[in-house]
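My entries follow the display.

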Amino acid sequence: KTVLLASLALFPALLAGLLEDWTQKVSVGQRMLATLLSGLLATCFLGLSIHRLGLPVLDGVLQWWPWLGMGLAVLAITGLPHAFNIIDGYNGLAGVVVALIALALAHVALQVGDRAVAALMMALVGSTAGFLFWNYPRGQLFAGDAGAYLWGSVVALGAILLVQRNPQVSPWFPVLLLIYP
C-alpha cells in the first residue's frame with residue numbers, strides 16, 4: 001500500500017519531467033508546481049513530516065506547530081528533484097551521486113532495522129546501476145528531467161521516512177548526505 005501511495009504521489013513530478021523531455025515546452029514554473037504537487041501528495045498520503053531537527057528550541061516549535069514540519073517535508077520533495085536535475089548531464093555524475101546517497105541511506109536503514117526504507121533505496125540503487133551500466137564510459141546518456149525528478153523525489157522520500165520512523169537517526173544525517181546536490 002505504501003509503495004502504491006508513494007508512486008501516486010510522485011507521479012506528477014515524473015509526468016512533468018517526461019513531458020519536458022518529450023516536448024521541451026514545459027516551463028520551469030510548471031515543473032516546479034508539479035514537484036510541489038508531488039510533495040503535497042506525498043505528505044498527505046504518507047503522513048510525512050520533519051518533526052525534529054535535533055535542536056531543542058526548533059524541535060519544540062515543530063512539536064507545537066506540526067504543519068511547519070509538513071511544510072519542510074514538502075519543501076524537500078519539491079526542491080531536491082531540481083537539485084539532481086542541475087547535476088544531471090556531467091558524464092554520469094548525477095547517477096553516481098544518487099547511487100552513493102541511496103547506498104548510505106540503505107546502510108543506515110538496515111542498521112536501525114528499517115527494511116522498507118532499505119528496500120526502497122536498494123531498488124533505486126539497482127535501477128540507477130542499470131542506467132550507469134549503459135552510460136559507461138563516455139557518459140553520453142542523460143537521465144533527463146524525468147529521471148532527475150524521480151531520483152530526487154525518491155531520495156527525498158527515503159530520507160524523510162528514515163528520520164521520521166527512526167528516532168535514533170540524526171535529522172542532520174540526510175542534510176549532510178544531500179549537501180552536494
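The entries below begin with the model itself and then turn to side chains.

**Model.** I am working from a predicted model, in which local features need pLDDT of at least 70 and side-chain atom pairs count only at pLDDT 80 or more, while totals for chains, interfaces and linings use all residues. Residues are numbered from 1 along each chain as its sequence is written, and side-chain values use heavy atoms, with hydrogens and water left out. The chain averages a pLDDT (the predictor's confidence in each residue, from 0 to 100) of 93, and 99% of the residues score at least 70.

**Salt bridges.** I searched the whole structure for salt bridges (a side-chain nitrogen of Lys or Arg within 4 Å of a carboxyl oxygen of Asp or Glu) and found 2. In one of them R31 pairs with D145, with the closest N and O atoms 3.1 Å apart. R31 lies in helix α2 and D145 in helix α7, so this pair ties together parts that are 114 residues apart in sequence. I noted R31 as buried (under 20% relative accessible area, where exposed is over 50% and partly exposed in between, with a 1.4 Å probe and protein chains only), at 11%, and D145 as buried too, at 10%.

R165 and D114 also meet in a salt bridge, at 2.6 Å from N to O. R165 is partly exposed at 42%, whereas D114 is buried at 5%.

Methods
Helix = DSSP H or I, 4+ residues; strand = E, 2+ residues; numbered from the N terminus.
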